Each structure stands twice: as C-alpha cells, then as structure tokens.
Amino acid sequence: MNTSLTRREFLRISGGTASAGLVYLLLKPKSASANIKPPGALPEPDFSALCLRCGKCTSACEQLAIQIDRQGFPYIDGLSGWCDFSGDCVAACPSGALEPFEIETVKIALAVIDRDRCIAWNSTGCRWCYQECLDIQDAIWIEPDGVFLRPHIDETRCNGCGACVNICPRAAEVGGDMSKGKAVSLHQIV
Amino acid sequence: MSTTISTRPRTRPKTRKFKFWPSIRFVTTIGFFLLIGGNLWNGSTCVVEIGPLEIACPLGVVQLIAASRVIVPSLLLAGLIGFLLIVLFGRAFCGWICPGRWIFNRGPTTNSKPWKYRAWAQRIIVGGVIGAAYVCHNPIFCTICPAGVVCRGAIAAGTGGSILPSVGWMGALLGIEWASGRSFCRDLCPLGAGISQLSRFNPFLKVQSNPDTCQPCIACQRVCPEDLNLSMDEDLSSCTKCMECISACPRSGVEIKII
C-alpha cells in the first residue's frame, strides 16, 4: 500500500488531533462540586448566557473562595476559601449574571459528610467542622453515640458556604489532591 | 607544542541587536498581565476597571447581547468606551496587549498566504461568532478567546487557582493553528477580525510610506505579521501598529501619521 504523507500533512494532522483531544478534555463534564455558582447567580440557562467569563468576581473575592473552571465560569468548592456572602462578587459583576441576594435566606449549596472518610465517624476526636461552623452558621450538630461524637449537617440551616470543607483536616491523608481527600464536600441543591 | 588559533571568521556575527519596538511591545503585554494578575487593575481584557473608567471588549458585549437578549446599560457603555479606544488606536490591542501575538504564528505550517478577500473573511468570522452566541444562548467564543484565556490564567495565578485550563486552551488553539496551516492572528482570530473591521473608523496613528523615499519593495511586507505592503495595499485596517515596518524599511521611508 502506498501512503504518501508529506511532513507538512503529518504535522497538520497531528496538530488537529492534539487540539481535538485537548478540547475534549476541557469540555468533559465537570465534577458536581465544580458546578456551584457564587451567591446570587441566575438560574442555569440565563447564567451561562450572561456570564462574560471576565474573572472579575474571582479577583474581587477577598476570601479567595471563587475559582475559574475550565470553561471560564466561576465556581465555589470551599477548597481555596469559603464564601462569607459579603457580596463583593455581585458588586464586581459587570453583566448582572450575579444579582443581589438576601443574606439570611440565600443558599448556594449543601454540605454533605462522607461517613466512610470522616475521622469522627470512623474513630473519634475530630470536631473541626463543628467548631468552624458554630460561629458562622451553626448548621453542624454533634450526636453522641456511646463514647463517639458524630457530626451531622442540618440541611435547613446549611447555606453551602464551604467553611467546613475548607477546615476539614482529612485532606492531608490522600496525597496532594485536595479535592479527593476531604470528608465533607459541597453538593448542588436540586 | 604549537597552538593553532582558528582564524575562520564567524559567518554570522553574534551581535544581538536591541530591537526597540518588539521590546517595548513585550513590556506592555507583560505589564498588562502583571497588573491584571496582581489585581491592581480589577478585571481582564473582557472588562477592565481602571479607576472610575470601565472598558469592555466590544465583541464580548455584542455576543452577550446576542446570547442573553438582554441589554445591560452599564456594560453597553463600557463596550462603547472600548469601541472609542479602537477608533483612537485601531488594532493596537492585537500588537501591544494580546498575548497571542507572542504565542501564535511560530509553527512550521503557518506560512500560507492570507485570505483572498480578507475583509469579507473577517466579516464572516465575526458574524459566525455572534450568530453562534445567538443560537447557543452562550457567548461561546469568550470561552476560547486567547486574550481572555490568558487573563483568566493570570487571575487564577493571582488568586491561588489552577492555570492548567488556560494552558490547555492555548494548546488547543495552537493545535487548531497548526492544523489549519494559517496564522491565527491574521486569518482566524474572531477578536482580531472584529477589531479590524471596527478599525475602519480609526484615522489616527497610521503608518504610511513616504512617497519621496519609498521605492516599492516587499521589505515591509516581509516583516508585517498581517502581510500588508505599505506601497501597494490601500486598506490598512488590519494593521496592528506593531511598528515593525519602520525599522525594516531600508530607506526609512515609513512614517507615523498622527492624524
């Protein structure tokens, strides 16, 4: 079989293949925790139509809570910082994709404890998320179970700020990948 | 023991000449991204807030209006200020601020001729991008815009995020450039095409050949990243004001016309 492929054609084909692979990797569905938008975000079809991907909310947030995902949208996962609902991102948004919100009623996500991974559910001693949440939202309560103290999340009070994710010490035990190590993570409210 | 000293002259003298215009343009680009990443200027090339002034990317604003069918007055005003800057400086954004100028057009396959009907090709690219935003309810080009991608990388680096998405998108764009065999900035970039079309309203700071000294040649065309020839081309709306032609002209026959 006679295949005549010049150097230029080979380079072009390899360049096209590489870019197609990269675009696939970048547009792959995100993990659930990377879909949590900053407070005041419009519901989904309107948000992606109005968000300019300018990153102003990210640089405006003094808590460093907002990160930029692969498609340029902002999200909150609590790993780099937690949301204090100061409204800096809403004030910075130039297009109105983030709208002013009521600080008492706003909920951006729901924290869920992974009981297989949580130190307090498997052994005893850790109360970091409980103590962190006590001053902020008081949404984590401790249930005594014999000598153990098990943390629970009050779904009516939790507003998804991510402070418990940020403080959870479980991360250190799973290599360097913070997102896979935490025993509590933010989930979208459905 | 005799030592022989090689007397063969160097074929290429190793004097690295200081290039004025590329150096100053590179410093401008790096400085802009340091200001963005360091959060001294709040924003990115999409929308930047410099003191009381808010400047927005006109292509982004038009895409946003097409995608959301909503007109935000403050953003429209910022977009008009961006348009005013294009009237004042033409396509200088591409040559002086956009990092794509330093990244693209270095592949081995990118030495083809520009589009035959360049103005119409630019209009089709811009119209396609705005139409795609209208159809998909999503300003799609903003996701892969090279200037925006690098800005988001700078912001992520400044706030402790990951720059891998930005590196990935720039790699994907480089791959598209390789596969197409065209210069991305000259032939493919919708942002550059849009600014080129708006640059028709720009009367200031234009390069022109001095008819007394210019003897038509291709010295300016060879260095021009937009493949323009000052002695032959009438339409200079694609000029990025990179000033390469000034230092390239052997008769110093290129001058900057202020108005």
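Modeller: Gladly; let's start with charge. In chain B, the mean positions of the 25 positive and 12 negative charges lie 9 Å apart. This is a predicted model, where local features need pLDDT of at least 70, side-chain atom pairs count only at pLDDT 80 or more, and totals for chains, interfaces and linings use all residues. Residues are numbered from 1 along each chain as its sequence is written, chains are lettered from A and ligands numbered from 1 in the order in which they are written, and side-chain values use heavy atoms, leaving out hydrogens and water.

Biologist: What makes a charge positive or negative here, and where is it placed?

Modeller: Lys and Arg count as positive, Asp and Glu as negative, while His and the chain ends are not counted. The place is NZ of Lys, CZ of Arg, CG of Asp or CD of Glu.

Biologist: Why is R118(B) called buried?

Modeller: R118(B) has a relative accessible area of 13%. Buried means under 20%, exposed over 50% and partly exposed in between, with a 1.4 Å probe and protein chains only, so R118(B) qualifies as buried. Of the 259 residues of chain B, 48% count as buried.

Biologist: What makes the link between the side chains of R118(B) and S238(B) a polar contact?

Modeller: Their distance is 3.4 Å. The definition asks for a pair of N or O atoms within 3.5 Å; within protein, one must be able to donate a hydrogen and the other to accept it, and residues adjacent in sequence count only if both atoms are side-chain atoms.

Biologist: Which residues does R118(B) touch, beyond four places away in sequence?

Modeller: R186(B), E226(B), D227(B), L228(B) and S238(B), where contact means heavy atoms within 4.5 Å.
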